[in-house]
Amino acid sequence: MRKPVDYRLFERAVDRSEAVAGLFDAAASALDEIASGRRELHAVRHPLGFLCLPVERDGDRGVCLHVFGSGVPGTTTGPVPAPTAPPVHSHSWELTSCVLYGSVGNLRVRVRERPEVPTHRVFEVRSDPAGVDDIRPTSRLVSCEPGPEQTVVGGEVYTLPAGEFHTSVIPRGTAAATLLLGRSRPGRFDFSLGPVHGRGHRVVRQTCDAAQTARTARTVLRRIDAPHPR
C-alpha cells in the first residue's frame, strides 16, 4: 500500500530547512512507485509547458510533481511540451513548492485595471477532470509589468498565494523539478493574460502512456538522488 504524502511537511519546510529532507524522501518514494509500476498514474503534458505527475488528490488539496526543461523523455517535439497557453497566469489555489533540482524563477507580475490603454485581456481558464481547458475572454482589460523575481534552487521552498499573477522561468537549456502542494480557495478562479483582441479557445491536455511516465519518473529520480542543499 502506497504511503500518502504528509501535508504537514510542506508547512514545516517553509520555515525549517530540516523539514525539506522529508519532502525529498516523499518525492523519491512516489517516483520509485511510479517508475516500478506499483503506482498507476500517467504524466500529463501541461498547457504551460511542463510535465505534471499528479501524485495524489484529497479534497481541496493536491500534490503534484512538475518537471521542466531538458532531458525528460516522453514527447515527440522536445524534452517537455511547448506552452499552448499564455504563461502569465494566476491560480484559484495557493501553492507551496519545493525545488528538487535545478533552478526555478518565480516571476511575479503586477497587473492593473487599465481599460483605456490596455496591454492584455484577462482570460478565465476552466478545466474539467477529462483534461480539457476552456480559455474564455473576460471583459477585464489590464496593463502589466514585471514584478520581483525570486530564484529558487534545489532544496529550497517558495510559496504563492491564490490570485497572484506570475510565471515560472527556467533558464534556457536547463532542467528542474518541483514537488508542489496546492490548496484550493473557495470563490477563486484560474486566469491567464492574453492578447487584447484574443479569442477564446480550447486546449486538450495530452497524457503520456505508462512507459513514457515510468521513464520520466526514473529520470527525475536519478537527478534528485544527487547531493542537494538542506
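**Reading the sheet, its helices and an aromatic pair**

Guide: Helix H3 (residues 210-224) lies across S1, S2, S3, S5 and S11, at about 65° to S5; axes are lines fitted to C-alpha atoms, for helices over the stretch in contact (heavy atoms within 4.5 Å), with angles from 0 to 180 degrees between N-to-C directions. Helices (H or I, at least four residues) and strands (E, at least two) are DSSP runs numbered from the N terminus. This is a predicted model, in which local features need pLDDT of at least 70 and side-chain atom pairs pLDDT 80 or more, while totals for chains, interfaces and linings use all residues. Residues are numbered from 1 along each chain as its sequence is written, and side-chain values use heavy atoms, without hydrogens and water.

Visitor: In what order do the 7 strands form the open sheet?

Guide: Strands of a sheet pair through backbone hydrogen bonds, either parallel or antiparallel. Here the order is S9-S5-S11-S3-S2-S1-S14, with antiparallel pairing, where a pair needs at least two DSSP bridges. Strands S9 (157-160) and S14 (206-207) stand at the edges with a single partner strand each, so one side of each has no neighbour in the sheet.

Visitor: How many aromatic pairs does a search of the whole structure find?

Guide: A pair of aromatic rings is described by the distance of the centres and the angle of the planes. The search finds 1 aromatic pair (Phe, Tyr or Trp rings, the six-membered one for Trp, with centres within 6.5 Å; stacked under 30 degrees, edge-to-face over 60, tilted for the rest). Phe 50 and Phe 68 form this tilted pair, 5.1 Å centre to centre with 45° between the planes.
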